[in-house]
Amino acid sequence: MIVCVCHNISERKIRQAVDAGFDTMPALREQLGVGTCCGKCHSCAKTVLRECLEEGTREAQPMVFQPAMAA
Ligand code: FES
């Protein structure tokens, strides 16, 4: 899905930038130019950013293994 029509920036491009460490709106603006023309994409880009950060937080949770119960 295209998030920023002015700069042809897709949701995938934003996700890649977040994965590369550009994890704030100012960083995304500087790196990709998202929201720097008409600004209509700002809230959508922010939503994608928030989703990426939430997904990253979830993936960072340690896995806890429970021992198998003896039968
Ligand atoms: S749609 Fe992103 S700046 Fe216009």
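Which residues does Cys 4 touch, not counting residues up to four places away in sequence?

1. In this predicted model, Cys 4 touches Ile 9, Val 34, Gly 35, Cys 41 and Ala 45, once residues up to four places away in sequence are left out of the count.

2. Cys 4 also belongs to the largest nonpolar core, which has 12 residues, among them Val 3, Ile 9, Val 34, Cys 41 and Ala 45. At least two residues of this core are supplied by each of β1 (2–4), α1, α2 and α3 (42–59), and the largest share, three residues, comes from α3. As background, nonpolar side chains in soluble globular proteins tend to be buried together.

3. For the overall layout, the chain contains three helices and two strands, and their pattern, when read along the sequence, is β-β-α-α-α.

4. The axes of helix α1 (residues 11–19) and helix α2 (residues 25–32) come within 11 Å of each other and cross at roughly 115 degrees, and α1 and α2 are therefore roughly perpendicular to each other. The crossing in which α1 passes α2 is right-handed. On the α1 side the contact is made by Lys 13, Ile 14 and Ala 17, and on the α2 side by Leu 28, Gln 31 and Leu 32; sorted by class, these are four nonpolar residues, one polar and one charged. Ile 14, Leu 28 and Leu 32 are also listed in the largest nonpolar core.

5. Looking at the chain as a whole, 18% of its 71 residues count as buried. Among contacts in the chain with a separation of 6 or more, 46% are between residues 24 or more positions apart.

Technical notes
Residues are numbered from 1 along each chain as its sequence is written. This is a predicted model: local features need pLDDT of at least 70, side-chain atom pairs count only at pLDDT 80 or more; totals for chains, interfaces and linings use all residues. Axes are lines fitted to C-alpha atoms, for helices over the stretch in contact, and angles run from 0 to 180 degrees between N-to-C directions. Helices (H or I, at least four residues) and strands (E, at least two) are DSSP runs, numbered from the N terminus. Angles under 35 degrees count as roughly parallel, over 145 as roughly antiparallel, 65 to 115 as roughly perpendicular and the rest as oblique. A crossing is left-handed if the near helix is turned anticlockwise from the far one by less than a right angle, and right-handed if clockwise. Two residues are in contact if their C-beta atoms, placed from the backbone, lie within 7 Å. Ala, Val, Leu, Ile, Met, Phe, Trp, Tyr, Cys and Pro count as nonpolar, Asp, Glu, Lys and Arg as charged, and the others, Gly among them, as polar. A nonpolar core is a set of buried Ala, Val, Leu, Ile, Met, Phe, Trp, Tyr and Cys residues joined through C-beta atoms within 7 Å. A residue is buried if 20 or more other C-beta atoms lie within 10 Å of its own, exposed if 12 or fewer, and partly exposed in between; C-beta atoms are placed from the backbone.
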